Amino acid sequence: MPDLAEQATDMKPQAQAHPLNLPSDTETARAPQTQQAQRPRGSQRELGFLTTPLSWTILLAIGLLAANLYFTLFSHPTSSSLPQPVISCPAPVLQQPPSSVPPATKKDSKMSTEQTFIAIKPDGVQRGLVGPIISRFEQRGYKLAAIKLTTPGKEHLEAHYADLKEKPFFAGLVEYMNSGPIVAMVWEGRDAVKTGRALLGATNPLASAPGTIRGDYSIDVGRNVCHGSDSVENAKKEIALWFKEGEVISWKSHSAPWIYEKA
């Protein structure tokens, strides 16, 4: 029996000095109980809160809000979802291409069409200025209503210059006008009398501005190339004197809508 007691005594220290130091079955069973005993009560409460339906609902709502905020900030928005900036800039001015049909015109009773009498004197005819003078009126936009080359005679010229009969230069003026053919014309258009005088220039060519007919083609007052009516009343008298009934033509120019905005 002593031998058995000694053997039992010898076996106890050998079990404690296990080379791998592995815990015994008793220690392994006691470890979870010890860890549970050492866990704080606050953690148990938190885990209990997370297991309730209300907590999961709140967490789900927070997640949805976070996802919505993320997609709102970082997703690529479409052009229709963003407010469009208002940029004010002047509208470009576009030139309309020329059209074969003129724009519609409106009649205005305040604007009247006049006729004026223009004559190219013998010096203008002799110098070959008929074409350039006609071109000045045509290019300005006036319409030719009557024209003829004539040698009217002394009596006709005296009647034309009847208002100058008392002037000392009257006889020389009539002789000069009767020295060669004269081109008599009727021009028609808006303010034809006033503008016709402006195209001719001053009676004295030296006082005429460059660009006018007399300012470009004449120098001496006795050879001032052309004559023009000085009033609407005198224009009517001179046209009646130089042209018979039916010689003044009334016609419509296709260029009128391109010259006058309002007819």
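Author: pLDDT is the predictor's confidence in each residue, from 0 to 100, and it is the place to begin here, since this is a predicted model.

Reader: What does the protein chain average in pLDDT, and where does pLDDT stay under 50?

Author: Where pLDDT is low, the predicted coordinates should not be read in detail. The protein chain averages a pLDDT of 79, with 65% of the residues scoring at least 70.

Reader: Which elements supply at least two residues each to the lining of the largest pocket?

Author: The largest pocket has a volume of about 700 Å³, and of its 26 lining residues, Y161, D163, L164, L173 and H227 are the closest to its centre. The elements are α7 (154–160), α8 (170–177), β4 (226–228) and α11 (232–242), and α11 gives the largest share, 4 residues.

Reader: Which residues does the UniProt annotation "binding site" cover?

Author: The unreviewed UniProt entry gives K121, F169, R197, T203, R214 and N224, and the lining of the largest pocket includes K121, F169, R197, T203, R214 and N224.

Reader: Is K121 buried or exposed?

Author: Buried means under 20% relative accessible area, so K121, at 7% relative accessibility, counts as buried. K121 lies in the loop between β1 (113–120) and α5 (122–126), and its contacts beyond four places in sequence include Y161, Y176, N224 and H227. N224, in the loop between α10 (213–217) and β4, is buried too, with a relative accessible area of 3%, and its contacts include K121, T203 and R214.

How values were computed:
Residues are numbered from 1 along each chain as its sequence is written. This is a predicted model: local features need pLDDT of at least 70, side-chain atom pairs count only at pLDDT 80 or more; totals for chains, interfaces and linings use all residues. Side-chain values use heavy atoms; hydrogens and water are left out. On a 1 Å grid over the protein atoms alone, a cavity is a set of points where a 1.4 Å probe fits but cannot get out, and a pocket is an open set with protein on both sides within 12 Å along at least five of seven lines; lining residues have an atom within 4 Å of a point. Grid points are joined across faces, edges and corners, and a volume is the space filled by probe spheres set on the points. UniProt positions are given in the numbering used here, feature names are shortened, and annotations may be inferred rather than shown by experiment. Buried means under 20% relative accessible area, exposed over 50%, partly exposed in between (1.4 Å probe, protein chains only). Contact means heavy atoms within 4.5 Å.
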